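Here is a short tour to read alongside the sequence and the coordinates. Have the viewer open and follow along topic by topic.

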Amino acid sequence: MKIGQELIQTKQLSFEYIRRDDDGNAEGVTRAVDNVTLNVEKGEFIAILGANGSGKSTLAKHINAILYPTEGKVYVDGEDTSVEENIISIRQKAGMVFQNPDNQIIGNVVEEDVGFGPENMGVPTKEIWERVDEALKTLGIEEFRKHSPNKLSGGQKQRVAIAGVVAMHPQCIILDESTAMLDPKGRKEVIRAARALNDVEKITIILITHYMEEVIYADRVLVMDKGRLVMQGTPKQVFSMVEELESYRLSVPQVTILAHELRKAGLPLPEGILTEDELLHELQKIR
Ligand code: ADP
């Protein structure tokens with residue numbers, strides 16, 4: 001879904017971490033994000049791919065005003081993240097879900113945990129409960145509302161963490177490798193939830209991952225390498241560039257590689273095949 005209005009803008013954003021030795025003396029700098037200019041429209045589903053250390057997480061932390069640019073600017077809904085008065089509003093507009101669900105859950109009971117965000121924002125009690133009900137329903141975890149989060153599976157815990165963000169009524173949710181620690185079932189649960197939040201609730205999603213198969217539903221895929229934005233396009237466009245993706249140490253889905261190899265061997269297949277169904281369909285056309 002696109003309504004053509006920019007929600008997030010980064011302008012020539014660069015960020016450097018200062019490397020320190022054991023005594024805390026500065027040894028040098030790591031340029032983790034290097035001159036990234038990027039626009040995300042309201043309602044878009046963006047996926048950011050990149051090998052470990054390519055700068056994805058550092059970029060994401062700028063959108064949530066956890067980090068501030070060394071150079072350049074970041075705007076969330078028109079608000080400059082480097083202006084202190086904007087921070088509370090920015091963190092409410094752009095919520096973040098991290099990798100490890102255990103580090104994000106603070107409540108002893110699911111419904112309490114989900115209510116923490118709105119409570120901290122000063123939302124009146126009655127409305128907190130309305131928001132909690134709504135968020136639990138949206139994430140399909142109502143049945144666990146009285147449970148202890150510790151007893152839930154990884155995928156369920158991550159959905160509790162996402163519900164906690166949803167209850168803050170954000171415009172954008174950034175999932176920073178939020179599926180990395182989950183089993184395949186848990187990963188599917190989280191991706192399904194992210195897609196529903198985008199489709200139904202019209203929440204802008206920024207999905208950071210190194211699992212290629214998770215990005216096929218994105219409106220746009222961005223690829224990062226050594227802090228730079230090196231590729232961007234629809235999943236089809238990006239996955240058409242098999243050799244280029246491999247040069248950024250990304251493992252392309254097997255079905256995409258197979259289709260690419262068959263094409264190189266002379267079969268009239270299009271580039272950028274992403275699913276087995278698509279490959280079968282194209283092969284049937286050839287017969
Ligand atoms: P990704 O999310 O793609 O794995 P990161 O944004 O975490 O990448 O890291 C980008 C670069 O910044 C890497 O070289 C990493 O080692 C470095 N880096 C990340 N966090 C820190 C930190 N807290 N201090 C120093 N360097 C860091």
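In what order do the strands of the open sheet of 4 strands lie? The order is β2-β1-β4-β5, and the pairing is antiparallel. Please keep in mind that this is a predicted model.

**The open sheet and its helix**

- The edge strands of the sheet are β2, covering 26-41, and β5, covering 79-80, and each of them pairs on one side only.
- Strand β1 takes in residues 6-20 and is joined to β2 by 11 bridges, the two strands running antiparallel.
- To find your place along this pair, look for E16, which stands opposite R31 in β2.
- Helix α1, residues 56-63, lies across β1, β2 and β4 (71-76). Its direction makes an angle of about 125° with β1.

- K157 is found in helix α5.
- Is K157 buried or exposed? K157 has a relative accessible area of 12%, so it counts as buried, the cut-off being under 20%.
- Apart from neighbours within four places in sequence, the contacts of K157 are P101, D102, I105, P149, N150 and L152.

- Side chains of opposite charge can pair when their charged atoms come close.
- The count of salt bridges in the model comes to 26.
- One of them joins the side chains of K126 and E130, at 3.0 Å from N to O. The two residues are 4 apart in helix α4 (residues 125-138), so about one helical turn separates them.
- In this pair K126 is exposed, at a relative accessible area of 63%, while E130 is partly exposed at 42%.
- R131 and E127 form a salt bridge too, with their closest N and O atoms 2.9 Å apart. They are also 4 residues apart in helix α4, which means that about one helical turn lies between them.
- Here R131 counts as buried, at 10% relative accessibility, whereas E127 counts as partly exposed at 30%.

- E278 and K236 form a salt bridge in which the closest N and O atoms are 2.3 Å apart.
- Which parts does this pair tie together? E278 lies in helix α10 (residues 276-286) and K236 in helix α7 (residues 235-239), so the bridge links parts that are 42 residues apart in sequence.
- Both ends are partly exposed: E278 has 23% relative accessibility, and K236 has a relative accessible area of 38%.

Terms used. Residues are numbered from 1 along each chain as its sequence is written. This is a predicted model: local features need pLDDT of at least 70, side-chain atom pairs count only at pLDDT 80 or more; totals for chains, interfaces and linings use all residues. Side-chain values use heavy atoms; hydrogens and water are left out. Two strands pair if DSSP finds at least two bridges between them. Contact means heavy atoms within 4.5 Å. Axes are lines fitted to C-alpha atoms, for helices over the stretch in contact, and angles run from 0 to 180 degrees between N-to-C directions. Buried means under 20% relative accessible area, exposed over 50%, partly exposed in between (1.4 Å probe, protein chains only). A salt bridge is a side-chain nitrogen of Lys or Arg within 4 Å of a carboxyl oxygen of Asp or Glu.
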